Amino acid sequence: MSIAISQPMFTASTFGWLSIVRLGLVQASIGAIVVMTTSTLNRIMVVELALPASLPGLLVAIHYFIQVIRPRMGFESDSGAKKTPWIMGGLVLLAIGGFGAALATTLMEFQLVLGIICAMFAFFLIGVGVSMSGTSLLALLAKGVSDERRAAAATTVWLMMIFGFALTSGIAGNFLDPYSPARVILVSGIISMTAVAITFLALYKLEGSNLESKKLADSQKVPFRKALSDIWADDDTKKFSIFIFLSMFAFSAQDLILEPFAGMIFNYSLGETTSLSGIQHSGVLTGMLLVAVCGSSRLRHYFGSLRLWMIYGCLASALAMFGLVMAGIFEGEWPLKLNVYVLGLANGAFSIAAIASMMRLAVKGGPGKEGVRIGLWGGAQAIAFGMGGLLGASASDVARSIFANPAFAYASVFFIEAVLFIAAAYMASQVERKKK
């Protein structure tokens, strides 16, 4: 089914590019706090505090798994005239959780058990904050962006989130050397307060009061469980949820093992494996931009189908994973960098097409239910990321205990991920399938 549709699904005034960029600033603020907690604090626990790597892994998993509440957060935001208060409230909770995580990490140096307990609570708040702000933000974007702009809007917002990752990592890295607990607390506090300020300014008078939507929501108000079961009963919603889970599970499962694979099998140095990650990310950005251009230009008529981008993006990802299987078999005799770039390109293409499709499908059933749908798919994505990272790394450990050759062990895990991408492509082909 093409991006183009014959009847508009959302009749209210749509957001212009300035409004989309303002929402992108909010997404960048969310990303800035998250990257500080999932990357910088992760490194401090493992390197500076010499704690087991499983500890930050568990804490990050907590923030993912708590996001099963996303459908509930979306349901509550659907009940009001505005989604802005939910975005702001979620960002404040996220900022408190991010700053609390920094305090807890520094506390571990002196009171390990108390620090871990505090960190678990902080990452719980981070999960709740991301669920509130992220779900409501994407639901607002879905409601306010016209259909022909969805692919480009999704790309813009996600590129700004990645920019938030990069900018925060760079600035924080400069001010955190040399390491001291006081520096960590100060930098985290500044990042959290800046993110809150940017969010409040970006959202100021952005969303008008949609009283008609509120009246409609009030007239159709049902209990949360009933609303969720009604949405789950929709065949396309169910299939799309399974697609999101499978594709994001496969996407995240290779995240923690690709660099160790390059170091162990191809003898890459630390700097070279870091560069390899950069090559993959550049491929992801290229794939996102490719879908945005094809979906929002004269090429739209020929290459504008989000459904096809999801299908072929997943199939291309599977081929790239099979390439990594061959890299494990042939070990050093394989163009690894080109393979990884193609993997990133395919990942970026299907993922941004999935986000744009998510936005479009969220408004397909009419106003007042966008948040629940976005929350359902966002929850599926979060669980997939949490499980994918943990099980991907665990599977590689198990495979290495089975196979004497570590190259074959990694290849076996990559093969499983390739099969998952093929299954995801099949589920994508079943979404909005034309009835004969």
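## Two loop residues with positive phi

Lys205 is found in the loop between helix α7 (181–203) and helix α8 (211–219), where helices (H or I, at least four residues) and strands (E, at least two) are DSSP runs, numbered from the N terminus. The phi angle of Lys205 is near 55 degrees, a positive value in a residue other than glycine. With a relative accessibility of 68%, Lys205 counts as exposed, because buried means under 20% relative accessible area, exposed over 50% and partly exposed in between, with a 1.4 Å probe and protein chains only.

Asn267 lies in the loop between α11 (258–265) and α12 (270–295), and its phi is near 60 degrees, again a positive value in a residue other than glycine. Asn267 counts as exposed, at 63% relative accessibility.

## Basis of the description

This is a predicted model, in which local features need pLDDT of at least 70 and side-chain atom pairs count only at pLDDT 80 or more, while totals for chains, interfaces and linings use all residues. Residues are numbered from 1 along each chain as its sequence is written, and side-chain values use heavy atoms, with hydrogens and water left out.

## The protein as a whole

The secondary structure of the protein comes to 17 helices and zero strands, and buried residues make up 53% of its 436 residues. Its accessible surface, calculated by the Shrake-Rupley method with a 1.4 Å probe and, for residues, with only the protein chains shown counting as cover, comes to about 19,000 Å², of which 69% belongs to carbon and sulfur atoms.

Contact here means heavy atoms within 4.5 Å. Of the contacts in the protein with a separation of 6 or more, 85% are accounted for by residues 24 or more positions apart.

## The nonpolar core

A nonpolar core is a set of buried Ala, Val, Leu, Ile, Met, Phe, Trp, Tyr and Cys residues joined through side-chain atoms within 4.5 Å. The largest such core has 124 residues, and those with the most contacts inside it are Phe240, Phe243, Phe261, Leu336 and Phe414. Its largest share, 15 residues, comes from helix α15 (residues 336–364).

Not counting residues up to four places away in sequence, Phe243 touches Met310, Cys314, Phe350, Ala354, Ala424, Met427 and Ala428. Asn339 is placed in helix α15 and is buried, with a relative accessible area of 8%. Leaving aside neighbours within four places in sequence, Asn339 is in contact with Ala320, Gly323, Leu324 and Trp334.

## Helices α2 and α5

Helix α2 (residues 54–65) and helix α5 (residues 112–144) pack at an angle of about 35 degrees, with their axes 7 Å apart; axes are lines fitted to C-alpha atoms, for helices over the stretch in contact, and angles run from 0 to 180 degrees between N-to-C directions. Leu55, Leu59, Val60, Ile62 and His63 in α2 meet Ile116, Ala119, Met120, Phe123, Phe124, Ile126 and Gly127 in α5. The residues of this contact divide into 10 nonpolar, two polar and no charged, where Ala, Val, Leu, Ile, Met, Phe, Trp, Tyr, Cys and Pro count as nonpolar, Asp, Glu, Lys and Arg as charged, and the others, Gly among them, as polar.

Ala122 is also in helix α5 and is buried, with a relative accessible area of 3%. Ala122 touches Gly97, Gly100 and Ala101, not counting residues up to four places away in sequence.
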